[in-house]
Structure formats: C-alpha cells, structure tokens
Amino acid sequence: MESMTNPDSVVRALGALAQEHRLAVFRLLVQAGAQGMAAGDLAARIGVPPSSMSFHLAQLANAGLVTQRRQSRSIIYTADFAAMNALMGYLTDNCCGGADCGIEAAACCATDEEALRRA
C-alpha cells in the first residue's frame, strides 16, 4: 500500500470512509484497538448482512485503513493506526499555513475533543 502522504492514497482512504457503514466499522475497530474484531461481530454490531460486511471490509483494506489476521476459524480485522495517523497528519500538515498556531489558535489543529474544549 502506498504511503498516506501520496494524494491518491489519501483520496482512496477518504473515499472508503465516506460511507456510513464503513465509517462506523472503522470507528469500532479503532475502539477495539490491537485486539480487533471478527467480521461477523462487526456485521452484527453495525446491523448489516455478512456479505455486505465483507464488501465494506475489503474497501477499507484496499484503502490501507485495516489489516486482517486469521485466528482459528475467524478473520480478525484491526484498524491500521499508522495509516490513520498518517492520514490525520496529511490533513493537518499545513495547519495555520505552516506557521506556529499559537495558544489561542491551537484549536484549529486540535485532534481530540479535550483539546477543542480547552481552546
């Protein structure tokens, strides 16, 4: 998979996330952490048929946002945190025109809710 610093990879990743079920799946996988989740569990949590879940997971994998591993008879999916962080870095790389945002403008580049509340 190409690096998330490549505009084509960024567009592919954002396109994969620009769908309600895939975004929900990715958020669940981020919450699950390194443990990941089985495709069947994801389908049940999102409320889609297993065949649809397979399609959505393939789209996320093609975009470089999830990885998979076999565990017994299940395939466990995990968010690719390095790819997620690279995507976020790409999106915020030129925050405030590359200049120091300063304390007052820090909220424009904040990546978590707590930082946004502090600003």
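Among contacts in the chain between residues at least 6 apart in sequence, what percentage join residues at least 24 apart? In this predicted model, the share of such contacts that join residues at least 24 apart is 53%. The chain has 6 helices and 3 strands, and these elements follow one another along the sequence in the pattern α-α-β-α-α-β-β-α-α.

- Of the 119 residues that make up the chain, 30% count as buried.
- The accessible surface of the chain comes to about 7,400 Å², and carbon and sulfur atoms account for 52% of that area.

**Helices H2 and H4**

- Helix H2, which spans residues 20-32, and helix H4, which spans residues 50-62, have axes that come within 10 Å and cross at roughly 70 degrees.
- Because angles of 65 to 115 degrees count as roughly perpendicular, H2 is roughly perpendicular to H4.
- On the side of H2 the contact is made by His21, Arg22, Val25 and Phe26, while H4 contributes Met53, Phe55, His56, Leu57, Gln59 and Leu60.
- Sorted by class, the contact of H2 with H4 has 6 nonpolar, 3 polar and 1 charged residues.

**Two residues of helix H4**

- Methionine 53 is located in helix H4, and it counts as buried because its relative accessibility is 0%, where the cut-off for buried is under 20%.
- When neighbours within four places in sequence are left aside, methionine 53 is in contact with Val25, Ala39, Leu42, Ala43, Ile46 and Val48.
- Methionine 53 and aspartate 41 are 12 residues apart along the chain, and their C-alpha atoms are separated by 9.9 Å.
- Histidine 56 is also placed in helix H4, and with a relative accessible area of 7% histidine 56 is buried.
- Not counting residues up to four places away in sequence, histidine 56 touches Gln19, His21 and Arg22, and of these His21 and Arg22 are named among the H2 residues that make the contact with H4.

**The sheet**

- The 3 strands form an open sheet in the order S1-S3-S2, with antiparallel pairing.
- Strand S1 (37-38) and strand S2 (66-71) are the edge strands, each of which pairs on one side only.
- S2 is joined by 6 bridges to strand S3 (residues 74-79), and these two strands run antiparallel.
- Threonine 67 stands opposite threonine 78, which belongs to S3.

**Valine 66 in strand S2**

- Valine 66 lies in strand S2 and is buried, with a relative accessible area of 7%.
- Not counting residues up to four places away in sequence, valine 66 touches Phe26, Leu29, Leu57, Leu60, Ala61, Tyr77, Thr78, Ala79 and Asp80; among these, Phe26 of H2 and Leu57 and Leu60 of H4 also take part in the contact between those helices.
- Valine 66 and glycine 36 are 30 residues apart in sequence, and the distance between them in space is 9.7 Å, C-alpha to C-alpha.

**Serine 72 in the loop between S2 and S3**

- Most residues other than glycine have a negative phi.
- Serine 72, although it is not a glycine, has a positive phi of about 60 degrees, and its place is in the loop between S2 and S3.
- Is serine 72 buried or exposed? Serine 72 is exposed, because its relative accessible area is 67% and the cut-off for exposed is over 50%.

Methods:
Residues are numbered from 1 along each chain as its sequence is written. This is a predicted model: local features need pLDDT of at least 70, side-chain atom pairs count only at pLDDT 80 or more; totals for chains, interfaces and linings use all residues. Side-chain values use heavy atoms; hydrogens and water are left out. Helices (H or I, at least four residues) and strands (E, at least two) are DSSP runs, numbered from the N terminus. Buried means under 20% relative accessible area, exposed over 50%, partly exposed in between (1.4 Å probe, protein chains only). Contact means heavy atoms within 4.5 Å. Accessible areas come from the Shrake-Rupley method with a 1.4 Å probe; for residues, only the protein chains shown count as cover. Axes are lines fitted to C-alpha atoms, for helices over the stretch in contact, and angles run from 0 to 180 degrees between N-to-C directions. Angles under 35 degrees count as roughly parallel, over 145 as roughly antiparallel, 65 to 115 as roughly perpendicular and the rest as oblique. Ala, Val, Leu, Ile, Met, Phe, Trp, Tyr, Cys and Pro count as nonpolar, Asp, Glu, Lys and Arg as charged, and the others, Gly among them, as polar. Two strands pair if DSSP finds at least two bridges between them.
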